[in-house]
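These notebook entries record what I looked up in one structure. I began with the packing of helices and then turned to the domains and the ligand.

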Amino acid sequence: MQNYNIFSLARNALTGHKNWQRAWRSPPLKPAYDVVVIGAGGHGLATAYYLAKEYGVTNVAVLERGWLGGGNIARNTITIRSNYMRDESIPFYVKSVAMYEALTKELNFNMMHSKRTMVDVVQTYPKMRELRRRQLTMDIYGSTYEQISEAELRRRIPALTGGGPNARLPVIGGMVHTDAGVNRHDAVAWGYARGADELGVEIHQQTAVESLLRGADGAIEGVQTSRGVVRAKKVAVAVSGHTTTLTETAGLKLPLRTMNLTAFVSEPVKPLVDVIVNCPDSGFYFSQSDKGEMVIGGAPDMGQSFRRDIKQHVFEDTVTAMLSLFPSFKKLKLMRQWGGHLDIAHDASPIMSKTDVEGLFVTAGWWGGYKAIPAGGLTLAHLITTGQPHKLMAPFTLDRFRHLDFVMEAGTTTAR
Ligand SMILES: Cc1cc2nc3c(=O)[nH]c(=O)nc-3n(C[C@H](O)[C@H](O)[C@H](O)COP(=O)(O)OP(=O)(O)OC[C@H]3O[C@@H](n4cnc5c(N)ncnc54)[C@H](O)[C@@H]3O)c2cc1C
């Protein structure tokens, strides 16, 4: 694999950037593989990469119906953090955040990782109590969370001029999560794709999986794609909001609902805020991109839906809440808005699991799943190869629905 560094950059600059190698191949589709991974988003590509790198399984095809990295990984607000609520969740996200911090070096691809801290703006005492409880649990697992006063909160976020004592919801204080950061979503997809390809994994774009195929014994035996049948004894479904539409073709019903989550972005402005701001009582969050744009996310639209745009009332609710705390933002011009569809389980925790169909694996229920890509890929690769859940993912298998052993997680960003 061609190394990206100052010397290769200089060399290629001198030759007009015409001699860069392709980052990944486009090989012909074979009739069979050891493992088929469906979906070239973050989780699918990371799973393929770790299958090859950590477990030596290289006869792997990643099948993507569009272009790689064009799904929710391209639509998210790139917040990476580990301030979750449950004992089961926190170690998983601590691991994932640590893996993200090392990813630029590991993949020789600049992730533009910026560990810039998340600050929660708290407006109600129940929320403050809940976050303090999170803090105590997080302490045990080595994740950072610290309470700050209202004065300190306003010092850290000068643009926070609303929410005064006469406001409907006055600001009462904040929490600081220094482990949080942002990075570049394209780089995550492209870096994992390049790394996996280098290790022998094949990535097939424009190859939609239409259905899962089961043999006479009920076990998985491959997939029907838009380019013909591809056989494999192990198939991993990593298609984010589309999980149920595929698993139902194998007669498998999963406890998931698909909903729409949206974001929008402003024109670039001068540096205004250097942390990720999360307002859980009001239901919005934002950070400023390296280009200066405000990247703003709101609460989900609670209706079940596969839409990928933004509903007007969700947009208006988010903007209204934001202007009540950041009134100066009313001058900001918005440039783009978009949505993605994500699936969520009843307990708001992910599902990484084998299924009742022998050889069929799922990684789904990723509501805030961007931050989970490295650890999600690593642990799913472990499960596919060994047949046993990795200890970090053991609480998140489908067994929890059989035994009513839910991991009720309130740690999603704007969850109220
Ligand atoms: C607006 C918004 C903001 C978000 N913000 C954050 C955040 O700040 N932090 C965070 O941690 N998470 C966030 N998320 C969630 C995060 O984006 C997702 O949880 C994560 O990207 C899902 O995993 P993925 O990358 O594998 O999914 P995707 O990128 O969606 O990958 C799935 C792939 O499967 C492909 N596919 C689907 N069906 C088929 C088929 N039949 N055959 C072949 N391929 C198929 C799709 O084309 C897609 O490329 C946000 C999501 C949205 C929508």
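**Entry 1: terms.** Before reading any packing angle, I noted that an axis is a line fitted to C-alpha atoms, for helices over the stretch in contact, and that angles run from 0 to 180 degrees between N-to-C directions. I also noted that the model is predicted.

**Entry 2: helix 2 and helix 10.** I looked up how helix 2 (residues 42-55) packs with helix 10 (residues 373-386), and found an angle of about 55 degrees with the axes 7 Å apart. Helix 2 is therefore oblique to helix 10. I recorded the crossing of these two helices as right-handed.

I then listed the residues that meet. On helix 2 they are Gly42, His43, Ala46, Thr47, Tyr49, Tyr50, Leu51, Glu54 and Tyr55. On helix 10 they are Ile373, Pro374, Gly376, Gly377, Leu378, Leu380, Ala381, Ile384 and Thr385. Sorted by class, this contact of helix 2 with helix 10 holds 11 nonpolar, six polar and one charged residues.

**Entry 3: the domains.** I consulted the domain assignment of the protein chain, which gives domain 1 (6-82 + 85-108 + 184-255 + 347-402) and domain 2 (118-180 + 257-345). The centres of domain 1 and domain 2, taken over C-alpha atoms, are separated by 29 Å. Their contact takes 27 residues from domain 1 and 23 residues from domain 2.

On the side of domain 1 that touches domain 2, the elements giving two or more residues are strand 3 (79-80), helix 3 (89-101) and helix 8 (243-247). Helix 3 supplies the largest share of that side, four residues. By class, the side of domain 1 that touches domain 2 divides into 12 nonpolar, 11 polar and four charged residues.

**Entry 4: the ligand.** Which residues are closest to the ligand? I found 38 residues surrounding the ligand, the closest being Gly39, Gly41, Gly71, Gly340 and Gly369. Helix 2, strand 13 (256-268) and strand 18 (334-345) are the elements that give two or more residues to this shell. The shell around the ligand comprises 15 nonpolar, 19 polar and four charged residues.

Technical notes:
Residues numbered from 1 in each chain as written. Predicted model: local features only at pLDDT ≥ 70, side-chain atom pairs only at ≥ 80, totals over all residues. Parallel < 35°, antiparallel > 145°, perpendicular 65-115°, else oblique. Left-handed = near helix turned anticlockwise from the far one by under 90°. Contact = placed C-beta atoms within 7 Å. Nonpolar A, V, L, I, M, F, W, Y, C, P; charged D, E, K, R; others polar. Near = placed C-beta within 6 Å. Domains from an automatic or database assignment.
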